[in-house]
Amino acid sequence: MFEFKGIGQFQRQRFRLRVGVALLVTLLGLGVLGWRFWFLQVERHEGLAARADRNRLAIVPLPPRRGDILDRNGEVLARNYRTYTLEVVPAHAGDIDELLQKLSPVVYISPVEQRRFLRRVQESGRYARIPLRTSLNDTEAAWFAVNGWQFPGVNLHARWVREYPHGEVAGHVLGYIGRIDDKDVEWLEETDQLANYRGSDVIGKKGVEKTWESSLHGQTGFEEVEVTATGRPVRTLRRVDPEPGKDLMLSIDLGLQQMAERLFAGRRGALVAIEPETGEVLAFVSQPSFDPNLFVDGIDVENWKQLRDSPDHPLLNRPLYGTYPIGSTYKPFVALAALELGKRRATDRFYDPGFFEFAGQRFRNAGSAAYGSIDLNRALAVSSDTYFYALGPDIGVDALHDFMQPFGFGQLTGIDLDGERRGILPSTDWKRGYYREREQQRWYTGETISVMVGQGYNAFTLLQLAHATSVLANDGVVMKPHLVRAVREAGQDIEKDVLTEPTNIIPLQQANLDAVKQAMVAVTQTGTARRAFAGTPYSVAGKTGTAQVFSLRGGQYRASQIDERLRDHALFMAFAPAEKPKIALALIVENAGWGASIAAPLARQVFDYWLASPEQGGHAASAALIERAGAASDVEAVRVPGARAAAAAAADTPGEETL
């Protein structure tokens, strides 16, 4: 085969060695290659096949439809509608500015949307899906579906959009949804729900939308899609449909809510109405309110500044978060404490000379009004401060604290809204913990005297006052206030009631309860609220109140000479019918003046609406009463005559509410 003539023996051996080595290397290489083929095709087949499938297949999450929110009669308060959205993946889109220039002539993108999109591009990852334009109409969506190939990285998606059809009505109850941020991600990770939010952009931020998020959101589905190397979908291989969120039926009555909000037109204040027997909240008003629709796709800078910088604080949930001295509306509970603790009998006579003197200091009735010999019924009817001042040294602040605590004063009610404040129910222990200086920690009897008439350190939310009024109306049976009365699976008529049992039963003597309730009825028949409730076809047990915003330190109170935001708050608490209460409420009109002339007439219209018989119109036919509410909201606060003491809230007179 080879001719080695003329070649020495050494060269021949060297050549054969080289051929042998080359052959050996070739065989070794082929062996390694064969082993590698076997390793990949046999040993690693399962793992590599799965990886290949992952490159070939894309798992597309399918966000669920968010559950609707309805009022107690089935009226829609929050719903969803289907719309189209353009979403951009920056990593696939190339130059963003060039993309916007090319796309804008065909699909209009407003300057606000462009600024919002560019901000989100900076805040999000390169592979995040960032909304560019929401709510495309059918023509725009159809055009892009045909021409979308010209815009790599831009995709057309159908999505659910939240809508609040009644705008600002019950805004603080419903709350709003917003884009998922880092805090939301942390919460989802802590609660092991992050996987269920793949593909979801929004989450409940405030109100019922937040506290009932787990029920409203639903269960995310997915599609297994075969894609090309460039990521374009080819076909759907498997689909698991998302499970829509549950619908919530609130205890709120939309008509009552609208009517009550109309009462506060142009004013700041709050109102909470509760059904005593169940704890269901019938109306929850915080005015001024806000439109939750502004937050659905991210609020723009201009609207956010208006809400944030408004001196009226429309984003403040007043019944839940605002704390106030509640003035004379505290007196029915103080009266009940005096009876239950054996410090006073309902029939005991007490002489009111117009002031109460203690340790050389006089605590006066408003305008130095003197009521003479009075009993508990008369003292509540005319709101004699002197009568209640005198109870201070007898009862003591700690005993009063312990009695008031079960009614919910200074406690969290547990309502299904976030952000509730506890407020302050003062006691000697509270003061020691609140102040650092030893001298400030000392409790003085004079401070107890002010606390007895709802002033001093008292600071309660309006929700607490409404809840306590409901407990009083319910003879001491404590029902947890709540806004959601039933939960319904989407597409089904079967509702699951959110039933609540009494959380506590306060042991109270019925005779004492009856005495206080009769005195509260006298308030609306012969006392400070008699004008507001003249001619009602039902009986009302209530109490007017006016609360100081700041101390005059011995000066005279003249509303016209004081800054509007430093004027007194007008309050009213009541339940009706007095014999078998169907509704209990508390309301406050900030800086409005007298509770008797401002707050009580508003409560009268709420009761008229809710308690009117069907043949009289009923709360199902609300137009006339809502019109009356609008007229009532135009009444201006009256000027306040007379002087008042520096140390405390003064008393109510039969004609006008005073402190």
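Predicted model: local features only at pLDDT ≥ 70, side-chain atom pairs only at ≥ 80, totals over all residues.
A residue counts as buried when its relative accessible area is under 20%, as exposed when that area is over 50%, and as partly exposed in between.

**The whole protein**

The secondary structure comprises 25 helices and 25 strands. Of the 659 residues, 51% count as buried. The accessible surface of the protein is about 31,400 Å², and carbon and sulfur atoms supply 51% of that area. Among contacts with a separation of 6 or more, 74% are made by residues 24 or more positions apart.

**Leu100 and its surroundings**

Select Leu100, which is placed in helix H4 (residues 96–103). Its relative accessible area is 5%, and Leu100 is therefore buried. Display the neighbours next: leaving aside residues up to four places away in sequence, Leu100 touches Ile109, Gln114, Phe117, Leu118 and Leu132. A distance drawn between the C-alpha atoms of Leu100 and Leu132 reads 9.5 Å, although 32 residues separate the two along the chain.

The largest cavity holds about 130 Å³ of space. To find it, select Arg116, Arg120, Pro131, Thr134 and Asp297, which lie nearest its centre among the 14 lining residues. Helix H5 (111–123) and strand S4 (130–136) are the elements that each give two or more residues to this lining.

Move to helix H1 (residues 9–43), where Leu17 is placed. Leu17 has a relative accessible area of 58%, so this residue is exposed.

**Gly218**

Select Gly218 in the loop between helix H10 (213–217) and strand S8 (221–227). Is this residue buried or exposed? Gly218 is buried, because its relative accessible area is 15%. Apart from residues up to four places away in sequence, Gly218 touches Pro64, Asn196, Glu243, Pro244 and Gly245.

**Backbone geometry**

Most residues other than glycine have a negative phi, and most peptide bonds are trans.

Select Ala170, in the loop between strand S5 (154–163) and helix H7 (171–174). The phi of Ala170 is near 60°, a positive value in a residue other than glycine. Ala170 counts as buried because its relative accessibility is 4%.

Continue to His313, in the loop between H12 and helix H13 (318–321). Here too the residue is not a glycine, yet phi is positive, at about 50°. His313 has a relative accessible area of 45% and is therefore partly exposed.

Centre the view on Pro288, in the loop between strand S12 (280–287) and helix H12 (301–309). The peptide bond from Gln287 to Pro288 is cis, with omega near 0°. Then go to Pro577, in the loop between strand S24 (569–576) and strand S25 (583–589). The peptide bond leading from Ala576 to Pro577 is cis, with omega near -15°.

Notes. Residues numbered from 1 in each chain as written. Heavy atoms only, no water. Helix = DSSP H or I, 4+ residues; strand = E, 2+ residues; numbered from the N terminus. Buried < 20%, exposed > 50% of the residue type's maximum accessible area, 1.4 Å probe, protein only. Contact = heavy atoms within 4.5 Å. Areas by Shrake-Rupley, 256 points an atom, 1.4 Å probe, with all protein chains shown as cover. 1 Å grid on protein atoms, 1.4 Å probe; cavity = no way out; pocket = protein on both sides within 12 Å on 5 of 7 lines; lining within 4 Å. Points joined across faces, edges and corners; volume = space filled by probe spheres on them.
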